[in-house]
Amino acid sequence: MGEYSRFIDWDKMDATIQDKDAKELTSTEFQDLKQLARQGYWAKNHSLRAKVYHKLINDIPCRTVTPDAHVYRDIVLKIAGKRNSSNLPLPEFVDNSLVPTYCLNAEGIGAVRKIISCIASQFPDISFCPALPSVVALLLHYSRDEAECFEKVCRILACNDPSKHFIDQTFLAFESSCMTFGDLVNKYCQAAHKLMVAVSEDVLEVYSDWQRWLFGELPLIYIARVFDVFLVEGYKVLYRVALALLKFFHKVRVGQTLESDNIQQDIRTFVRDIAKSVSPEKLLEKAFAIRLFSRKEIQLLQMANEKALQQKGITVKQKRQNVHLAVHAENFKSEIVDVKKMRDIWSWIPERFALCQPLLLFTTSEHGCSLSRFYSHCEGQEPTLLLIKTTKQEVCGAYLSTDWNERKRGGGKLSYFGTGECFVFRLVPEVERYEWVIIKHPELAVTGLEQADSSSQLSDPPSSTNLPSNPSDRLSPFLSARHFNLPSKAASMFMAGDIECIIIGGGDGQALYIDADLNHGRTGHCNTFNNQPLCSESFQIAIMEVWGFKDTMSS
């Protein structure tokens, strides 16, 4: 099999991967490479894939001083010595993660540990990188020797292009990526998310496995196809494939009796045995059928999650407290919902706020039916959760991403504010959640931060010039309307309030309209959330509550 076969046990390798088909790479233009990678152009030709990997990785912009093959040859004897490399201890930053052997022979299996040890000596700033063993093992299949594999991995780790991101190298980056994945599951795999909530005490613990599914459990033929596209398109591909895996798992699992009490292990087993149910082609097809937002929008969410973790002092690995289901029966009391229903709502909110506990800010039964009192108790709180129980025992509400104090920027004039993280819901008579219409129909908007200036003129209210100049000061940057070219202002009418009313969702109608006396309201279809009426179209309020989010990690 030629120069790239030194570390491979060909008895384990897929028989279809041969060098008989003498293809060559005909174009290096990004769009062409993207198309070829997705089609699996070099997937059936081992040598061609090795050459393509060399080309793609060699083109990665790196730090000026990036360890190369010469460095490896200089240090390997000093680092690994002459002892049996299969007994070399792995650095702590791989976190006892799996060291997949894929189709490596005995020499290759030992080489993985040597290469990782040498990488650890050259990258003292890496503090947490559980994906590294898989990446090294994978690239060793497509390298002529250990030094070449070492150089390839070093270039991936040393990428200094701020627009590109390949592998998480700190616990903060890893943990925020897990939270970001949880947010994406919540938006794009709602049926699977509902299953996770039903069978797991800590949903984020399950989602924290998402990189292990890819870099550890997936068989070689699958992860290699993923890696083909990953090297061309970047980190977003990993989210896509992990979401697709979860969708396929849910499809298989939903028809079965829930016999196991370990959903985490069940998903790992499913991914490990994925060849029984899904081909690599079907997996990628499903992954790219998911209409995700732009890479930069996802980067905004990752930044918000990182900031939330930093504010809570979570920057290094620690024993995870079960704060992700923060609604505790012993200290939660509501006149509208019980603990179970509140936990259902909590499973819908962005992961960075699932670190918090619900804190009752306002209730009409205690604070009276006064809109000014409502504002005084809610201002300064971001986000908030609105719950309403009608005199007909219907229950509905809204998750509101932005501080009610923002209403003052309209100068007394009713104006809308908020972000696309807002959503409305009903709980009784049946459970239904309605998110921003752009989430389900991204074709209605042209995404991309590069169009921020033009889209802000279309979608921001006139008072937006008074907003803080530093967007990092905002707690809800993800899905901000200014990042989209929206078809109309109605598509970003999230929340509004003045002395006469509060409104959630706008357009042809309102998702919720509540009068100043907090006794009467109405609901209907609105363009922002594309919702059905949340309760009786005209209703009387029996009780209204507003909940804030208490930081459980603060001292």
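Reading helix packing, burial and salt bridges

A: Let's start with a pair of side chains in this predicted model: Glu-148 and Arg-144 meet in a salt bridge, with an N to O distance of 2.8 Å.

Q: How many salt bridges does a search of the whole structure find?

A: It finds 24. One of them joins the side chains of Arg-212 and Glu-217, at 2.9 Å from N to O. Here Glu-217 counts as buried at 5% relative accessibility, while Arg-212, at 27%, counts as partly exposed.

Q: Which parts does the salt bridge of Arg-63 and Asp-125 tie together?

A: The side chains of Arg-63 and Asp-125 meet at 4.0 Å, N to O. Arg-63 sits in the loop between helix H2 (46-58) and helix H3 (69-80), and Asp-125 in the loop between helix H4 (106-122) and H5, so the bridge connects parts 62 residues apart in sequence. Arg-63 is partly exposed at 35% relative accessibility, and Asp-125 is partly exposed too, at 47%.

Q: What describes two packed helices?

A: You use the angle between their axes and the distance between the axes. Take helix H5 (residues 132-140) and helix H11 (residues 220-233): their axes come within 11 Å and cross at roughly 95°. Angles of 65 to 115 degrees count as roughly perpendicular, so H5 and H11 are roughly perpendicular to each other. On the H5 side, the contact is made by Val-135, Leu-138 and Leu-139; H11 brings Leu-220, Ile-223, Ala-224 and Phe-227. Sort the residues of that contact and you get seven nonpolar, no polar and no charged.

Q: Why do residues three or four places apart in an α-helix point the same way?

A: An α-helix has 3.6 residues a turn, so such residues point the same way. Now try helix H18 (residues 371-378), where Leu-371, Phe-374, Tyr-375 and Cys-378 are buried. They cover an arc of only 95° around the axis, which puts them on the same side of H18.

Q: Which strands do the buried residues of H18 pack against?

A: They pack against strands S1 (356-363), S8 (495-497), S9 (501-504) and S12 (538-551).

Q: And what is the phi of Gly-380, which follows H18?

A: The phi of Gly-380 is positive, near 90°.

Methods
Residues are numbered from 1 along each chain as its sequence is written. This is a predicted model: local features need pLDDT of at least 70, side-chain atom pairs count only at pLDDT 80 or more; totals for chains, interfaces and linings use all residues. Side-chain values use heavy atoms; hydrogens and water are left out. Axes are lines fitted to C-alpha atoms, for helices over the stretch in contact, and angles run from 0 to 180 degrees between N-to-C directions. Helices (H or I, at least four residues) and strands (E, at least two) are DSSP runs, numbered from the N terminus. Angles under 35 degrees count as roughly parallel, over 145 as roughly antiparallel, 65 to 115 as roughly perpendicular and the rest as oblique. Contact means heavy atoms within 4.5 Å. Ala, Val, Leu, Ile, Met, Phe, Trp, Tyr, Cys and Pro count as nonpolar, Asp, Glu, Lys and Arg as charged, and the others, Gly among them, as polar. Buried means under 20% relative accessible area, exposed over 50%, partly exposed in between (1.4 Å probe, protein chains only). The arc is that of the directions from the helix axis to the C-beta atoms.
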